[in-house]
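User: I am new to reading protein models. Could you walk me through one, feature by feature?

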Amino acid sequence: MLVKHSVISNIGRLSSLSPSSSVLRRQQFLVRTLCGSRFNPLKLIRAMSSTSEADAESILRTITPSLDPKRHKGQAGKIAVIGGCREYTGAPYFAAISALKIGADLSHVFCTKDAAPVIKSYSPELIVHPVLEESYSISEFSEEDKRKVQDKVIGEVDKWMERFDCLVIGPGLGRDPFLLECVSKIMLLAKKSIVPFVVDGDGLFLVTNSVDLVKSYPLAVLTPNVNEYKRLVQKVLNCEVDEQKAEDQLRSLAKQIGGVTILRKGKSDLISNGETVKSVSIYGSPRRCGGQGDILSGSVAVFLSWAQQLKSGPESQKNSSPSENPAILGCIAASGLLRKAAALAFAKHKRSTLTSDIIECLGESLEDISPAS
């Protein structure tokens with residue numbers, strides 16, 4: 001309720017923005033999301049029933065847009081990954097290329113200068129921005145010069161921010177103090193611009209130590225694995241993970257952070273925004289190769305942006321329900337698709353299955369559920 005009151009009380013400030021302002025459009029969408037909108041397709045109501053297990057396939061069919069020749073480049077999604085440093089170049093690539101393979105039109109990566117040539121070499125499809133800096137590259141700088149570098153980094157990202165439908169923050173980010181400080185300011189910038197973001201990998205390390213970065217921002221999605229979730233519970237709830245009360249604890253955690261959406265990865269993925277809890281238990285693969293979480297974070301970004309478009313589109317109807325939160329829908333769809341793709345890849349490659357094999361199965365798996373034609 002605090003977020004809802006804050007948004008409403010600040011509507012007067014929107015009068016200074018032009019009708020075409022992207023910030024204005026996002027503000028209006030946030031108000032619709034929090035205060036009720038004209039969106040209630042019956043198939044989503046059935047897929048998001050009161051039972052815990054979500055009908056991921058129905059949600060995938062509902063929120064995946066058709067391939068319409070009348071649409072122009074960018075309308076199917078513009079995603080940006082904030083991550084990638086000297087040591088880690090695969091994770092941001094996996095997240096960004098997964099977004100493209102699912103159907104986003106454009107996928108950007110904002111990374112360090114050392115990581116950029118490597119990520120560029122993986123695929124010419126990605127738009128790579130070598131703008132992030134690590135401490136070693138400015139170790140001889142004065143504090144004033146370091147602030148100037150930080151301002152330059154934020155300025156470079158700010159030039160693009162209003163173009164993005166969703167950010168993925170954290171894949172391959174590393175834990176360099178200067179880099180993390182820059183990324184924390186990028187997150188504040190995204191919140192100011194009302195841009196949704198998915199936090200994964202080292203982004204979760206940053207959030208666990210600075211929960212206020214995401215607190216009470218309903219367009220934030222956290223995707224922790226077992227260890228990342230454990231640290232979040234210890235930090236926020238000041239207790240240990242209780243598997244006997246997994247759903248109640250997840251609901252409490254999301255609620256305590258102010259209504260962010262949390263996708264807890266595991267044998268069954270659990271998803272909550274502090275109000276509802278949904279699970280996705282579709283069988284995936286016994287092969288636990290690294291990088292599948294990066295596929296998931298890029299996928300959540302795409303499906304979240306598609307769910308937003310659907311909720312604010314002409315198909316909207318009256319009497320929306322809380323369970324139709326775009327972040328919840330995006331998480332369910334992404335979890336379901338990844339599990340389908342992992343199962344298909346394992347059927348083909350067995351023990352040799354790699355993350356890249358799963359990525360190659362994303363399109364085929366989505367086509368099986370929601371055909372393009």
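Analyst: We will go from the whole chain to its sheet, its helices and a few single residues. This is a predicted model, where local features need pLDDT of at least 70, side-chain atom pairs count only at pLDDT 80 or more, and totals for chains, interfaces and linings use all residues. Residues are numbered from 1 along each chain as its sequence is written, and side-chain values use heavy atoms, with hydrogens and water left out.

User: How many helices and strands does the chain have?

Analyst: Helices (H or I, at least four residues) and strands (E, at least two) are DSSP runs, numbered from the N terminus. The chain has 15 helices and 9 strands.

User: What share of the residues counts as buried?

Analyst: Buried means under 20% relative accessible area, exposed over 50%, and partly exposed in between (1.4 Å probe, protein chains only). Of the 373 residues, 54% count as buried.

User: What about contacts along the chain?

Analyst: Contact means heavy atoms within 4.5 Å. Take contacts between residues at least 6 apart in sequence: 69% of them join residues at least 24 apart.

User: In what order do the strands of the sheet lie?

Analyst: Two strands pair if DSSP finds at least two bridges between them. Here 9 strands form an open sheet with mixed pairing, in the order β3-β2-β1-β4-β5-β6-β7-β8-β9. The edges are β3 (127-132) and β9 (277-280), each pairing on one side only. On average, neighbouring strands are turned by 20° against each other, direction ignored. For such angles, axes are lines fitted to C-alpha atoms, for helices over the stretch in contact, and angles run from 0 to 180 degrees between N-to-C directions.

User: Show me some strand pairs.

Analyst: Start with β1 (residues 78-82) and β2. They pair in the parallel sense over 5 bridges. Val81 has Val109 as its bridge partner in β2. Next, β4 (residues 166-169) and β5 (residues 197-199) run parallel, joined by 3 bridges. There, Leu167 has Phe197 of β5 as its partner.

User: Why is strand β2 described as largely enclosed by the rest of the structure?

Analyst: Count its buried residues. Strand β2 (residues 106-112) is largely enclosed because 6 of its 7 residues are buried.

User: Is His129 buried or exposed?

Analyst: His129 is found in strand β3. It is buried, at 9% relative accessible area. Setting aside residues up to four places away in sequence, His129 touches His108, Val109, Phe110, Cys111 and Trp160.

User: Which strands does helix α9 lie across?

Analyst: Helix α9 (residues 202-209) lies across β4, β5 and β6 (220-222). It runs at about 90° to β5.

User: How do I describe two packed helices?

Analyst: Use the angle between their axes and the distance between the axes. Here α10 (residues 226-236) and α11 (residues 246-256) pack at about 60°, with axes 11 Å apart. The contact uses Tyr229, Leu232, Val233 and Val236 of α10. From α11 come Ala246, Gln249, Leu250, Leu253 and Gln256.

User: How do these contact residues divide by type?

Analyst: Ala, Val, Leu, Ile, Met, Phe, Trp, Tyr, Cys and Pro count as nonpolar, Asp, Glu, Lys and Arg as charged, and the others, Gly among them, as polar. The contact of α10 with α11 has 7 nonpolar, 2 polar and no charged residues.

User: What does the phi angle tell me?

Analyst: Most residues other than glycine have a negative phi. Ser216 is not a glycine, yet its phi is positive, about 60°. Ser216 lies in the loop between α9 and β6. It is partly exposed at 32% relative accessibility. Lys350, also not a glycine, has a positive phi of about 55°. Lys350 sits in the loop between α13 (326-349) and α14 (355-360). Its relative accessible area is 47%, so it counts as partly exposed.

User: What about Arg351?

Analyst: Arg351 lies in the loop between α13 and α14. It is exposed, at 73% relative accessible area. Leaving aside neighbours within four places in sequence, Arg351 is in contact with Arg287 and Phe346.

User: Which residues does Gln309 touch?

Analyst: Gln309 lies in helix α12 (residues 292-311). Not counting residues up to four places away in sequence, Gln309 touches Arg71, Gln75 and Gly77. Gln309 and Ala76 are 233 residues apart in sequence, but 9.2 Å apart in space, C-alpha to C-alpha.
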